[in-house]
Amino acid sequence: MTSDTPSPQAPTLAEALASGAVVLDGGMSNQLESAGHDLSDELWSARLLAERPEAIIEAHLAYFEAGANVAITSSYQATFEGFAQRGIGHEEAARLLTLSVDLAREAARQARDKGVTRPLWVAASVGPYGAMLADGSEYRGRYGLTVDELERFHRPRLEVLAASTPDVLALETVPDADEAEALLRAVRGLGVPAWLSYSIAGDRTRAGQPLEEAFALAADVEEVIAVGVNCCAPEDVEGAVATAARVTGRPVVVYPNSGEAWDAEARAWNGRSSFAPEQVLGWRESGARLIGGCCRVGPEAIASITRTLATA
């Protein structure tokens with residue numbers, strides 16, 4: 001696999017955020033499903049790391065061509081424990097985690113071959129403990145584990161992902177301030193910047209903690225370059241962005257889902273979309289600098305976000 005690291009002249013993601021808005025990609029799973037791939041497995045999109053890596057490249061490429069500057073890797077549900085449950089050993093699991101970053105780099109190379117000249121970055125996805133359980137608990141938190149236990153769970157794969165030299169680690173869809181504390185401990189000293197993104201309901205984390213307290217955990221963590229929310233309802237975003245900006249003083253990352261609701265038992269999305277690209281202007285006004293979409297937000301919506309931000 002060809003590695004495509006940014007040139008020395010390219011800005012870092014942190015530098016880019018200091019000068020304006022940067023567009024994130026959209027949902028990996030919906031893009032893979034729209035291409036005909038079955039993701040009903042507990043490993044979700046991570047299964048395709050082993051079985052159909054070219055499909056992951058194609059999904060990343062679709063978002064780069066739509067206008068995204070940042071690709072989030074397919075490692076959200078990729079954990080040593082989850083792979084072990086499928087008979088995949090530690091060494092092979094580490095290879096697949098590294099591959100997730102390589103595939104995003106390859107998509108960036110192919111995008112440049114197709115004429116994309118703007119800076120492109122790779123964010124290594126680190127999903128919450130509940131994502132490994134594949135039972136919907138990532139939308140609840142409160143797993144019954146201590147902060148120390150959660151840190152021990154997250155640190156090994158963070159080390160592998162950091163060693164694969166992504167531009168940033170995406171600590172995402174975090175439902176619980178305790179898990180955020182564990183993740184923030186685990187990224188210390190890895191030498192790779194990170195963003196922290198909570199999944200929320202209204203003005204609280206999914207576990208029920210006030211967002212002001214949850215965001216404050218990241219305010220003084222040197223590695224953190226952005227704080228915000230993802231995989232939440234679009235209508236919950238603007239207030240959360242303002243709170244994150246006020247509490248942390250950092251650029252804010254925001255990538256909500258379409259507004260539909262996930263039924264963990266049926267493993268299906270229900271309801272109607274409430275995501276509208278023009279909403280991003282209010283988010284940017286409130287402090288958002290890293291802006292995209294999560295579940296059920298595809299390349300067409302990312303293209304609309306890109307146009308909206310560029311023309312307003």
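1. Helices α6 (residues 90-113) and α8 (residues 147-163) pack at an angle of about 45 degrees, with their axes 9 Å apart. Helices here are DSSP runs of H or I with at least four residues, strands are runs of E with at least two, and both are numbered from the N terminus. The axes are lines fitted to C-alpha atoms, for helices over the stretch in contact, and the angles run from 0 to 180 degrees between N-to-C directions. The pairing of α6 with α8 is therefore oblique; angles under 35 degrees count as roughly parallel, over 145 as roughly antiparallel, 65 to 115 as roughly perpendicular, and the rest as oblique. The crossing of α6 over α8 is right-handed, a term used if the near helix is turned clockwise from the far one by less than a right angle, with anticlockwise giving left-handed. On the α6 side the contact involves A94, L97, T98, S100 and V101, and on the α8 side R157, V160 and L161; contact means heavy atoms within 4.5 Å.

2. The model is predicted: local features need pLDDT of at least 70 and side-chain atom pairs count only at pLDDT 80 or more, whereas totals for chains, interfaces and linings use all residues. Residues are numbered from 1 along each chain as its sequence is written, and side-chain values use heavy atoms, leaving out hydrogens and water.

3. The largest nonpolar core contains 81 residues, and L158, L169, L171 and Y198 have the most contacts inside it. Helix α6 supplies the largest share of this core, 11 residues. A separate, second core of 21 residues includes L24, A170, C231 and L290. Such a core is a set of buried Ala, Val, Leu, Ile, Met, Phe, Trp, Tyr and Cys residues joined through side-chain atoms within 4.5 Å. Buried means under 20% relative accessible area, exposed over 50%, and partly exposed in between (1.4 Å probe, protein chains only).

4. Two residues deserve attention for their backbone angles. Most residues other than glycine have a negative phi. C231, in the loop between β8 (224-230) and α11 (237-248), has a positive phi near 50 degrees. T173 is buried at 2% relative accessibility, and C231 is buried at 1%.

5. Q209 occupies the loop between β7 (204-205) and α10 (211-216) and, at 14% relative accessibility, counts as buried. Its side chain forms a polar contact of 2.8 Å with that of D176 and one of 2.4 Å with that of T205. A polar contact is a pair of N or O atoms within 3.5 Å; within protein, one must be able to donate a hydrogen and the other to accept it, and residues adjacent in sequence count only if both atoms are side-chain atoms.

6. A244 belongs to helix α11 and is buried at 0% relative accessibility. Leaving aside residues up to four places away in sequence, A244 touches F215, V227, G249 and V252.
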